[in-house]
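Please keep the sequence and the model in view while reading.

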Amino acid sequence: TAQAVSAGASRVISWSYKPALWSAAELAGDTVSVAAKGAYTAATAVVGGIYTGANTVVETVDGNTAELQQLQSELSHLSDKLGALDAKRSQASIRLITPREGSVWYANHACNVDWCSTGVIQEVRVSIARRLSTCWSWCELARGIPDAGSWSYIVPPSLSEGWYCLRLEGPLGIPSVTSAYFKIEHQVPPLMLWVEDQRLHFHRSELCRVHWSFRDEVG
């Protein structure tokens with residue numbers, strides 16, 4: 001594809017990728033990770049049916065769809081393995097800040113998942129599970145989240161009321177952390193109070209800013 005683009009082609013109807021053999025120096029650095037990410041991104045775009053570049057449009061041929069999907073899966077797994085290797089090598093860790101134990105999330109409202117981390121974590125994945133018994137059934141909410149320390153989630157009304165917990169993890173589950181139990185409710189209370197930064201403790205003479213919202217029952 002790159003050769004076709006450099007030759008001035010405006011349309012390419014096939015795409016192929018052949019992985020190279022990486023040296024020990026490249027394995028020790030970021031070269032392999034960048035190469036895998038780039039190839040995976042390209043494969044994802046091509047499987048989607050179209051890739052728009054500076055001077056070219058790449059379209060897939062129906063006969064190649066299965067091969068491209070297999071390639072995408074292989075590159076995704078390779079990217080995960082490299083991400084897990086980076087996390088292990090940097091002794092990465094994640095600590096959840098919110099949701100806190102006993103906190104409440106309300107349906108159709110945006111709720112924050114906050115965390116702090118150390119080391120190299122290429123991406124964060126978030127899963128949720130409801131406390132029913134000793135059995136857990138994790139449902140993935142999102143993946144590919146940047147390790148920026150915060151992610152917002154609008155709670156869908158399809159989630160039943162009850163107690164839940166979240167799991168944050170890096171590629172291949174390295175590192176991983178599970179939250180304490182929090183509650184999901186559908187009925188928003190008439191009055192809600194909260195403080196900035198969701199802090200629980202304040203010191204004397206320290207500013208504490210309290211926020212509130214209320215529902216006008218009269219209309």
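The model is predicted: local features need pLDDT of at least 70, side-chain atom pairs count only at pLDDT 80 or more, and totals for chains, interfaces and linings use all residues. Residues are numbered from 1 along each chain as its sequence is written, and side-chain values use heavy atoms, leaving out hydrogens and water.

Helix H4 covers residues 65–89; helices are DSSP runs of H or I with at least four residues, strands are runs of E with at least two, and both are numbered from the N terminus. From first C-alpha to last, H4 reaches 36 Å, close to the 36 Å expected, which is 1.5 Å times one less than its number of residues. After H4 comes Gln-91, with a positive phi near 55 degrees.

Strands of a sheet pair through backbone hydrogen bonds. Here, 3 strands form an open antiparallel sheet in the order E4-E6-E9, where pairing requires at least two DSSP bridges between two strands. Its edge strands, E4 (93–98) and E9 (150–154), each pair on one side only. E6 (residues 110–118) and E9 are joined over 5 bridges, and Asp-114 stands opposite Ser-150 in E9.

Ile-184 is in contact (heavy atoms within 4.5 Å) with residues beyond four places in sequence, including Trp-105, Ile-128, Val-155 and Tyr-164.
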